Amino acid sequence: MNDIVLTGDRPTGPLHLGHYFGSLANRVELQGRYPMYVLVADYQVITDRDTPGEIRRNTTDLVLDYLAVGIDPARAVIFQHSAIPELNQLLLPFLSLVSVAELRRNPTVKDEIAHSSQRAVSGLMFTYPVHQAADILFCKGTLVPVGKDQLPHVEVTRLVARRFNERYGTVFPLPEAMMGEQPLLKGLDGGKMSKSRGNAIALSATEDETAALIRKARTDAERHITFDEERRPEVANLLTLAGLCLGRSPRELAGEIGDGGAATLKRVTTEAVNEFLRPIRKRRAELGEGDARRILAEGNERARERAVLTLEEVQQAMGLSAS
Ligand code: ATP
Ligand code: MG
């Protein structure tokens, strides 16, 4: 069977190195080999905050980040959640296929609730993984390049697909998650690197901003640099970042830095990150908001055509359609 790739991101801020090594690198590698859909998950922004914030700006910035890393709109359909009402229509029957207990058990949802700025947890927070099932299944996606935090959601999608097929006849494939080289990159505070937790190195940050962020990163009191994730997580994290950007093992880098201490470690990391991001940043500087808007308009149209077909098939399978 030929694969179909679906993945996406929330327009909550600039893409960062965690996205690159968790998912973006795989997308660039897969595009052209398989049909690929890339979703700007705008409705998902309000799962853990009260309003969508700077959504228009964040949406075009996200598309520009995609283009900068090499996602090619001629080979990938880039589209927005809010432009495809059929996704919301698919949500309804899908919700009937999962239990409240299953929604409550989701470990990523629990973690996001812990970091949420909302005072009351919304219903959307518990149900968005099912919305995500609609995002993946509308195009019959089979391969989902994501970071580790998304594994429980891909499981929900498989559950929905399996139960739908059992109840109404086979319509959907069971998609697989595909994790990147670094499925859970840590941020400069030691937690998951996240757009909205202020601990990320954005792909689009300037070289000086990058240097300042790494300068502020915590290390420890031991002078000699070693790679020890258990005992020295802060130092290990910087070594991991530098290693990913240089395509080298963090342990080997630690051996070379040795007595150079934290100052050398930070210099090496800053240079590695800035060098790695230079071509990406250069490409981004050449693009404007108009490019992003045009690409979204085209992508929305193509995604919508696909979604209409799947919704018809679903309604037919359920005996709802008049035809
Ligand atoms: P937010 O803080 O707003 O939730 P985020 O940084 O978690 O933003 P998302 O848009 O939620 O980013 O996630 C987009 C994709 O990037 C998902 O596939 C997710 O698994 C992956 N991803 C996000 N953060 C990391 C990370 N630190 N390491 C690896 N992959 C990541
Ligand atoms: Mg997230």
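Which residues of α9 are buried? Before you click, note that this is a predicted model, where local features need pLDDT of at least 70, side-chain atom pairs count only at pLDDT 80 or more, and totals for chains, interfaces and linings use all residues. Residues are numbered from 1 along each chain as its sequence is written, while chains are lettered from A and ligands numbered from 1 in the order in which they are written.

**Stop one: α9**

Select residues 233-246, helix α9 (helices are DSSP runs of H or I, at least four residues, numbered from the N terminus). The buried ones are Val235, Ala236, Asn237, Leu238, Leu239, Thr240, Leu241, Ala242, Gly243, Leu244 and Cys245. Now show α1 (17-30), α10 (250-257) and α11 (261-285), which are among what covers them.

**Stop two: α3 and α12**

Next, pick residues 85-95 (α3) and 289-318 (α12), which pack at about 25 degrees with axes 9 Å apart. So α3 runs roughly parallel to α12 (angles under 35 degrees count as such). Zoom in on Glu86, Leu87, Gln89, Leu90 and Pro93 of α3, which meet Ala307, Val308, Leu311, Val314 and Met318 of α12 (contact puts C-beta atoms, placed from the backbone, within 7 Å). Colour this contact by class and you get eight nonpolar, one polar and one charged residues (nonpolar covers Ala, Val, Leu, Ile, Met, Phe, Trp, Tyr, Cys and Pro; charged covers Asp, Glu, Lys and Arg; the others, Gly among them, are polar).

Notes:
Helix = DSSP H or I, 4+ residues; strand = E, 2+ residues; numbered from the N terminus. Expected span 1.5 Å × (residues − 1). Buried ≥ 20, exposed ≤ 12 C-beta atoms within 10 Å, placed from the backbone. Contact = placed C-beta atoms within 7 Å. Axes fitted to C-alpha atoms, helices over the stretch in contact; angles between N-to-C directions. Parallel < 35°, antiparallel > 145°, perpendicular 65-115°, else oblique.
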